[in-house]
Amino acid sequence: MAHFDGISSFEEKVFFRGLVPDDDWHSLAAAAGGVGRWAMDPDSGLCEIDVTLRRLTGMQDLPQTFGTDLFIGRIAAEDRDQVESAISKAIADDSIYEAEFQFAKPNGDVIWLLGRGRPVKIADGRTILIGVNVDVTADRTARDRAEIIAGEMAHRLKNVFALIQSMFNVAARNAQSKDDLVDAFQGRLAALATVNAMMFSNAARRVDLRDLATTLLQSVIDSERVSVDLPERYALNGAAAQTLILALHELLTNAVKHGALSQAGGTVALQISVDDNDFVLSWTETCPMPIHPPQGRGGFGMRVLGSMTRATFTGDPIFDWRPEGLAFQCTWPETDFRHVPDAAYAEQVVASAVATADMAQGQS
């Protein structure tokens, strides 16, 4: 054989002199790529599968030739009809067979297989179906997860837009000026953006309680005017994180404008305790100069706080307007706040968001 320019002697030896006998190429390539081969005789109902497919499916103990029903019987019931229909159509139309299905291995594991094949006429005139199966479990899992995340994102965006619209309507109804509207809306929007950014920074959709509180209160914590006493490790679900950050935002805004943080030397103590039954938020302000409790139902922010904490997860808020400052406490069921892996919180998010805004608007 002639030596081609640009091809090394090793390459020439491998690709042109038959390092691997031609009959072995298909077997080696299939095994190396995890591609299992099969042949099925539709007339006799018998089939054969190679060593690679036996390994993929865990069916090493089958005889060389066996009934097709032993293989198809392990295909998930919801996928079996489409596999059998695809086989029948390929044979009837002399066309390509393709199907993706779940397969139960003898040890109980379930995998996804992609099957492809085509009818072939053999020497005795019979038509058999020859094809391959590939384990696509990892790809299928990734695709299913992507679809779930896309659905979750679409649902959550709908919820966020509903909440933002309600928050703006509430702020607009109570604003005395353009500046009032900007202050009332912008602060709550920033708080909502904070919790969403934290929640979507991890695949589990959970928010660490300590991270949430310190992120919102960082500026005043750095000045040592706010002390924080929190559980060392506690993961909030998305709906609870949204409720908590909006509550802390209202408390912080009130403290800065009218409470302890509006006075030199004023301090705030934030404490959150968690046990098997309750999630308890305590916010205690200490002012050097006596404060005057709000008249009537109080300021708009405090009305939002009271409405929101009652509307979401049946909270029980208590306002104690002491001369030395506000002492606020709210208790929620702990099970409503704790993050549970793989739990669906989308409905809770939208329900709490709309209830919060609507109740606040009704009491404004």
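Is E100 buried, partly exposed or exposed? E100 counts as partly exposed, at 22% relative accessibility. Here buried means under 20% relative accessible area, exposed means over 50%, and partly exposed lies in between (1.4 Å probe, protein chains only).

## Basis of the model

This is a predicted model, in which local features need pLDDT of at least 70 and side-chain atom pairs count only at pLDDT 80 or more, while totals for chains, interfaces and linings use all residues. Residues are numbered from 1 along each chain as its sequence is written, and side-chain values use heavy atoms, with hydrogens and water left out.

## Overall build

The chain has 12 helices and 13 strands. Helices (H or I, at least four residues) and strands (E, at least two) are DSSP runs, numbered from the N terminus. Of the 364 residues in the chain, 40% are buried.

The chain exposes about 19,600 Å², and carbon and sulfur atoms supply 54% of that area. Accessible areas come from the Shrake-Rupley method with a 1.4 Å probe; for residues, only the protein chains shown count as cover. A contact means heavy atoms within 4.5 Å. Among contacts between residues at least 6 apart in sequence, 56% join residues at least 24 apart.

## Salt bridges

Side chains of opposite charge can pair when their charged atoms come close. The structure holds 9 salt bridges. Each is a side-chain nitrogen of Lys or Arg within 4 Å of a carboxyl oxygen of Asp or Glu.

E100 pairs with R140, with the closest N and O atoms 2.7 Å apart. E100 lies in strand β4 (residues 97-104) and R140 in helix α6 (residues 137-174), so this pair ties together parts that are 40 residues apart in sequence.

D124 and R126 also form a salt bridge, at 2.6 Å from N to O. R126 is partly exposed, at 33% relative accessibility. D41, D124 and R126 are linked in a salt-bridge network. E324 and R322 meet at 3.1 Å, N to O. R322 counts as buried at 19%, whereas E324 is partly exposed at 34%.

## Nonpolar cores

A nonpolar core is a set of buried Ala, Val, Leu, Ile, Met, Phe, Trp, Tyr and Cys residues joined through side-chain atoms within 4.5 Å. The largest has 40 residues, of which L236, L244, F279, L281 and W283 touch the most other members. Elements giving two or more residues to this core include α8 (209-222), β11 (278-286) and β13 (325-333). Helix α9 gives the largest share, 11 residues.

A second, separate core holds 23 residues, among them I49, F71, I75 and A99.
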